[in-house]
Amino acid sequence: MMEKLVNFSAARDNLANLISLKWSEAESKENLFKYKLNVTKSKVLPGYFGFYVELNPQRTQLRRKPQFIGSITPKFNPEAFNFNKVNPDEVLFVLQYKESLVSFLINNSPLTRNHCLVCPDLAENRPQMLTEKSIELSLDLLDALGGRFYRIGYNSPGALASVNHLHLHVMLIERELYVERAPLRELGKSIYTLEDKYPTCGLCLIVRHADCAQQVSARVFRLVSFLCERNIPHNIFITSGAIGDEACKRILIFPRDNRYLLKDKELSGLNVAFCELCSYVPVGSEEIYNGLTEDAIVGKIEEEMGNIFYTIKDEIVDMFQ
């Protein structure tokens with residue numbers, strides 16, 4: 001892999017182009033992707049939240065079967081599928097980031113163009129649990145990618161993570177999403193929630209231009225650790241946004257009831273992971289695509305996410321005082 005090694009500082013200003021180039025090169029090869037990305041239809045649903053829906057039927061039919069991960073804090077299992085076992089050609093490049101080697105892999109069942117898996121220190125065999133360094137990496141990556149439409153997402157075990165090997169998703173979703181402009185309500189010092197109209201609690205930390213990524217990452221990690229200690233699954237979405245007229249990043253954290261759901265339970269239907277929680281809704285069934293409404297999505301989110309936030313709200317407020 002050393003021939004694929006790229007220094008983050010040297011590549012920073014060209015990282016988006018590098019991902020695009022390497023992803024296109026991989027797409028031109030045979031048998032790397034489970035399918036050629038082919039979003040056949042898309043639409044914005046009428047309603048307050050403007051859910052953006054895409055029909056991607058081949059993902060339903062051809063994607064790798066997700067793993068069942070029976071704990072929020074699992075041990076790494078070297079016998080199960082993990083990202084050390086992928087075809088080496090699926091590795092686009094390896095980024096030297098501070099003391100870490102960060103592997104960028106194609107998602108071989110992509111939702112969007114340039115959909116990559118970001119795997120910090122792949123050979124260390126970490127389970128699918130965020131570290132403080134991986135959060136800081138995500139903020140620096142989003143800065144380097146620059147373009148308005150790159151986002152980073154994470155699904156924890158119990159929140160539709162599909163592989164128990166530490167990874168995040170980099171996705172190019174070429175439109176504005178509701179959560180980037182949604183009004184925020186202050187919950188405590190330096191922490192907000194999405195407005196009460198939204199069908200589930202989205203905790204939000206703001207990263208302003210002058211903020212130290214390391215300090216923000218420490219606060220996010222403290223919150224993630226709190227959720228893990230209480231066995232609460234969670235989804236995370238990191239994106240550009242605004243607070244008032246000020247540009248910023250929004251780190252959205254969605255705690256959910258402890259339900260160990262399998263992604264293949266309803267692969268062609270509506271699964272609620274970080275994409276859907278942030279108003280980007282890919283589906284695999286044309287029948288579901290044609291019949292989907294905002295009310296149906298809101299109901300599904302409410303059903304899947306539950307009311308766990310209200311049992312931990314006071315502790316979170318105290319944490320951020």
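These legends describe close-up views of one predicted model. Residues are numbered from 1 along each chain as its sequence is written, and side-chain values use heavy atoms, without hydrogens and water. Local features need pLDDT of at least 70, side-chain atom pairs count only at pLDDT 80 or more, and totals for chains, interfaces and linings use all residues.

**View 1. An open sheet has three strands in the order 2-3-14**. Its pairing is mixed. Strands (E, at least two residues) are DSSP runs, numbered from the N terminus. Two strands pair if DSSP finds at least two bridges between them. Strand 2 (41-44) and strand 14 (280-283) are the edge strands, each pairing on one side only. From one strand to the next, the twist averages 15 degrees.

**View 2. Strand 3 (residues 52-55) runs parallel to strand 14**. Four bridges join the pair. Leu55 has Val283 of strand 14 as its bridge partner.

**View 3. The largest nonpolar core holds 62 residues**. Such a core is a set of buried Ala, Val, Leu, Ile, Met, Phe, Trp, Tyr and Cys residues joined through side-chain atoms within 4.5 Å. Leu15, Leu223 and Ile251 touch the most other members. Helix 6 (residues 213-229; a helix is a DSSP run of H or I, at least four residues) gives the most, with eight residues.

**View 4. Leu203 sits in strand 11 (residues 203-207)**.

Technical notes:
Axes fitted to C-alpha atoms, helices over the stretch in contact; angles between N-to-C directions. Buried < 20%, exposed > 50% of the residue type's maximum accessible area, 1.4 Å probe, protein only.
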